[in-house]
Amino acid sequence: MIHPKESPCTAGTGRKFATRVVRTVSGTDARTGASSVPIYQASTFHHASLENPPEYDYTRSGNPTRQALEDTIAQLEGGARGFAFSSGMAAISTAFMLLSNGDHVICSEDVYGGTYRLLTTILGRMGIETTFVDATDLDRLEAARRPNTRAVFLETPSNPTLKITDISAVAEWARKHGLLTMLDNTFMTPCLQRPIELGIDIVVHSATKFLGGHSDVLAGLAVVSNERLGHKLKHLQNGLGSVLGVQDSWLLMRGMKTLLARMECAERSARQLAEWLTRQRSVSRVYYPGLPEHPGRAIHERQSQGYGAIVSFDVGSGERARKVLEHVTLPLVAVSLGAVESILSYPAMMSHAAMPREIRLQRGIGDGLLRYSVGLEALEDILGDLEQALQAAR
Ligand SMILES: Cc1ncc(COP(=O)(O)O)c(C=O)c1O
């Protein structure tokens, strides 16, 4: 990890995080000693006696394979209980179902486009209103608070401009006002940031990204800080039925075993890519929390164990951004991030296409902005490829 506050990272209980990420994930099968949890490909479970029902009775309500994943993410995040969903958006929308008609939410302004769409076009229609604010400024959060505010939703680093919010400060402020706090930890993963330890109530993930790590599973996870919230979220997960299938639960656990090694390798390259980009004349701005000039760097270092593998940069115009996308040969040009292969995204037309252009521009997501999710390829190849693409776009 980049700054050695807690390296290799630990989550405060017993073994080092590096050990737990390998040995907690899926564990071994208690009955046979098999090296991974079996895939219980069953939708229902026999009741040998009606008076004494089995531990699992129907897979929507619970399944041993999914349970192993849910226990694992709860452990890694340091929470009370974990839940696995069919996508990151399923995890996020289920968590928002804790709210009711008439409630108000305060949300980080440059949140993932799908979360923006959920809040504005779906929850808005159901009478849940949202105010988007620059969550890096506590005064703005306080100014947005209303008598009916019930929850705060954060992304830090935010997507795609990598702004940093002070998690403990917001959690403390929210607790004082009785607000539920939710945080999307997709970019950091529990390897680099554990928001529950900083006072957050619910952590959500698009596990499709770094946790899965191989661009082959769509999944979402949520972890709650206490049993009371766990009980409520379990009720919603079962009631809404947006659970993760058992094959995908198993694949996700398989991917998670190498999470720390992948994060360390990708972050090493991301840091160098960010520094290299600051020296390119055709790049007007680089966004990466590890850069000395990043305004949130000190806060990020206090609350995280690394800077992550996402680097955003502005090439000045939509036309140049398109040329770069046309000329790169190494990364996938795609929606998504956090995989073994590098992925170059164009937020204006991909992750943030759901955001109206004027709002997108207000939030600093310009037409020339590109987001590089650094994979495990050789750094020299990543830089060489991007250099020729930037030259072609001049
Ligand atoms: C930060 C963040 N949160 C949530 C999501 C939604 O996750 P999914 O695509 O798995 O539904 C994404 C997807 O790109 C994301 O980047």
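Before looking at the sheet I noted that two strands pair if DSSP finds at least two bridges between them, and that strands (E, at least two residues) and helices (H or I, at least four) are DSSP runs numbered from the N terminus. I also noted that this is a predicted model, in which local features need pLDDT of at least 70 and side-chain atom pairs count only at pLDDT 80 or more, while totals for chains, interfaces and linings use all residues. Residues are numbered from 1 along each chain as its sequence is written, and side-chain values use heavy atoms, with hydrogens and water left out.

**Entry: the sheet**

I followed 5 strands through an open sheet of mixed pairing, in the order E8-E9-E12-E11-E10. Strand E8 (285-287) and strand E10 (332-333) stand at the edges with a single partner strand each, so one side of each is left without a neighbour in the sheet. I then looked up how E8 meets strand E9 (residues 310-314), and found antiparallel pairing over 3 bridges, with Arg285 standing opposite Asp314 in E9. Helix H12 (residues 318-327) packs on this sheet, where H12 touches E10, strand E11 (343-345) and strand E12 (369-373); contact here means heavy atoms within 4.5 Å.

**Entry: His294**

I found His294 in the loop between E8 and helix H11 (297-303). Is His294 buried or exposed? His294 is buried, with a relative accessible area of 11%, where buried means under 20%, exposed over 50% and partly exposed in between, using a 1.4 Å probe and protein chains only. The side chain of His294 reaches the backbone oxygen of Leu162 at 2.7 Å. Leaving aside neighbours within four places in sequence, I listed Leu162, Ile164, Tyr288 and Pro289 as the contacts of His294.

**Entry: helix H9**

In helix H9 (residues 246-256) I marked Val246, Ser249, Leu252, Met253, Gly255 and Met256 as buried. These buried residues pack against helix H1 (17-23), helix H2 (64-77), strand E7 (220-224) and helix H10 (259-278).

**Entry: the ligand**

A backbone N or O atom of Gly88 lies 2.9 Å from an oxygen atom of the ligand, and a polar backbone atom of Met89 is 2.8 Å from a ligand oxygen atom. For Thr208, I noted a polar side-chain atom 2.6 Å from an oxygen atom of the ligand.

Key
Axes are lines fitted to C-alpha atoms, for helices over the stretch in contact, and angles run from 0 to 180 degrees between N-to-C directions. A polar contact is a pair of N or O atoms within 3.5 Å; within protein, one must be able to donate a hydrogen and the other to accept it, and residues adjacent in sequence count only if both atoms are side-chain atoms.
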